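Biologist: Could you walk me through reading this one? I'd like the general idea each time, then the case at hand.

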Amino acid sequence: MYYDTELNFLCSLMKNLHLPVNIIEYPTSEPPELDFGLRRMLYKEPDYQKTLSLFEEPLKENTVFRIKDEYLCNYLLFALPETTPSKYLVIGPFTYTEITEQMVLKLAEKLSLSPRQFSQFHRYYSDLPLHSDENTLFAIISTFCEKLYGSIESFSVETIERRLSDNIEPVASRPDFQEPEEAFLSMHRLEDRYAQENNMIHAVSQGLVQKAEMMMGNNNILRMEKRSADPIRSLKNYTIILNTLLRKGAEAGSVHPLHIDSLSSRFARQIEQISTPENAVALQKEMVHKYCLLVKNHSMKGYSLLIQKVLVRIDSDLTADLSLKTQAALLNVNASYLSTLFKKGTGQTLTDYVNKKRVEHALFLLNSSSMQIQTIAQYCGIPDVNYFTKIFKKYVGKTPKEYRDGIS
């Protein structure tokens with residue numbers, strides 16, 4: 001097909017946004033299960049073609065359907081041209097807004113669900129993918145359909161909103177009613193969430209900032225069953241879980257616990273200060289960004305155990321005696337051997353590495369404090385201010401005073 005490349009890209013994009021995407025055929029002998037088993041749990045063996053009222057006959061061509069079904073689930077659906085038999089692309093189910101417990105209770109009451117059904121029902125909505133930016137999502141679909149159908153004028157948009165009948169027959173009173181299996185409905189979504197969590201850990205372990213931030217874009221990583229009536233406490237709990245996931249990601253990225261614990265502890269304090277949903281979202285985004293940067297800046301991958309110990313000692317205290325002689329003595333190895341090993345492992349001499357770290361810290365202090373330059377030199381482990389100035393100018397091209405003057 002002439003649009004194969006674009007279709008593959010769209011499917012990958014939807015999956016990265018954690019939105020279910022399927023390509024289905026019409027007619028089909030087996031109706032597609034497009035709702036993660038919700039109707040099968042409610043109605044035992046439903047006919048999905050009739051239930052969704054989409055596949056009783058071929059869909060209109062050159063039409064994008066925006067569907068909200070009677071179970072609060074959203075779908076985007078359109079026909080793929082030049083396919084035999086006819087194929088349709090279905091995105092969903094998902095929701096544009098957070099589905100509250102009150103909404104779930106109201107729906108369950110209308111359906112007259114049994115207690116076990118309600119437990120599964122409630123978990124279903126806790127795990128339903130959320131995409132809060134409806135306009136951006138539809139802009140993506142519209143751009144794809146321009147390629148698909150030729151231009152923006154070549155296709156139309158049709159909105160379908162279904163509601164439960166006021167005189168709906170209670171599910172639990174139907175002749176074919178059966179209590180659902182314990183994990184029938186939730187197993188797929190639970191497996192999916194764990195897969196997403198593992199993908200997040202992997203992205204952080206590689207220091208892939210953009211990928212990790214994209215995965216957090218719709219907060220699907222943290223969507224799970226609420227265990228507190230207080231929404232702010234729930235947000236705090238979710239953010240604590242995220243902090244744990246990100247910490248595991250940094251650990252998998254070979255970052256020393258010294259750095260991980262420092263960042264994790266700082267975020268733990270900030271989490272308890274969350275007071276609004278906006279605070280929580282902002283902090284979650286910052287956490288993902290900072291953990292990825294932590295891996296990029298402090299990963300020990302590829303370094304021998306001996307070099308890892310040297311690097312950690314340097315990072316832990318720049319004011320210590322970090323000379324080659326002292327480091328070798330502490331590690332009980334020959335100084336010449338350590339020098340060769342360090343240069344081979346890092347691509348620079350130990351002295352250069354230490355000096356660069358000290359200058360980096362000096363830049364931070366010059367930018368964020370009003371300390372005297374003499375004091376900054378001492379904080380960076382170089383008591384001699386003249387030698388500090390010489391080292392600083394070598395790497396920055398300016399003296400510390402010239403640099404500070406430039407800031408002001």
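Predicted model: local features only at pLDDT ≥ 70, side-chain atom pairs only at ≥ 80, totals over all residues.

Biologist: How many helices and strands does the chain have?

Modeller: Helices (H or I, at least four residues) and strands (E, at least two) are DSSP runs, numbered from the N terminus. Here the chain comes to 18 helices and 5 strands. Buried residues make up 44% of its 408 residues; buried means under 20% relative accessible area, exposed over 50%, and partly exposed in between, with a 1.4 Å probe and protein chains only. Taking contacts (heavy atoms within 4.5 Å) between residues at least 6 apart in sequence, 68% join residues at least 24 apart.

Biologist: How do I read a helix pair, say H9 and H10?

Modeller: Two packed helices are described by the angle between their axes and the distance between the axes. The axes are lines fitted to C-alpha atoms, for helices over the stretch in contact, and angles run from 0 to 180 degrees between N-to-C directions. H9 (residues 231-252) and H10 (residues 257-271) pack at about 170 degrees, with axes 10 Å apart. That makes H9 roughly antiparallel to H10; the cut-offs are under 35 degrees for roughly parallel, over 145 for roughly antiparallel, 65 to 115 for roughly perpendicular, and oblique for the rest.

Biologist: Which residues of H9 and H10 make the contact?

Modeller: Among them are Thr239, Asn243 and Arg247 of H9, and Ser264, Phe267 and Ala268 of H10. The contact divides into 6 nonpolar, 3 polar and 3 charged residues, where Ala, Val, Leu, Ile, Met, Phe, Trp, Tyr, Cys and Pro count as nonpolar, Asp, Glu, Lys and Arg as charged, and the others, Gly among them, as polar. Ala268 counts as partly exposed because its relative accessibility is 37%.

Biologist: At what angle do H8 and H11 cross?

Modeller: H8 (residues 209-216) and H11 (residues 277-298) cross at roughly 155 degrees, and their axes come within 9 Å. So H8 is roughly antiparallel to H11. On the H11 side, the residues that meet H8 include Gln284, Val288 and Cys292. Gln284 is buried, because its relative accessible area is 4%. Its C-alpha lies 8.4 Å from that of Asn243, 41 residues away in sequence.

Biologist: And the cores?

Modeller: A nonpolar core is a set of buried Ala, Val, Leu, Ile, Met, Phe, Trp, Tyr and Cys residues joined through side-chain atoms within 4.5 Å. The largest has 29 residues, and Leu38, Tyr71 and Phe121 are among those with the most contacts inside it. H4 gives the largest share of this core, 4 residues. Another core, of 26 residues, lies apart from it and includes Ile232 and Met287.

Biologist: Which peptide bond is cis?

Modeller: The one joining Gly92 and Pro93, with omega about 10 degrees; Pro93 lies in strand S4.

Biologist: Where does Leu72 sit?

Modeller: Leu72 is in the loop between S2 and S3. Though not a glycine, Leu72 has a positive phi of about 70 degrees.

How values were computed:
Residues numbered from 1 in each chain as written. Heavy atoms only, no water.
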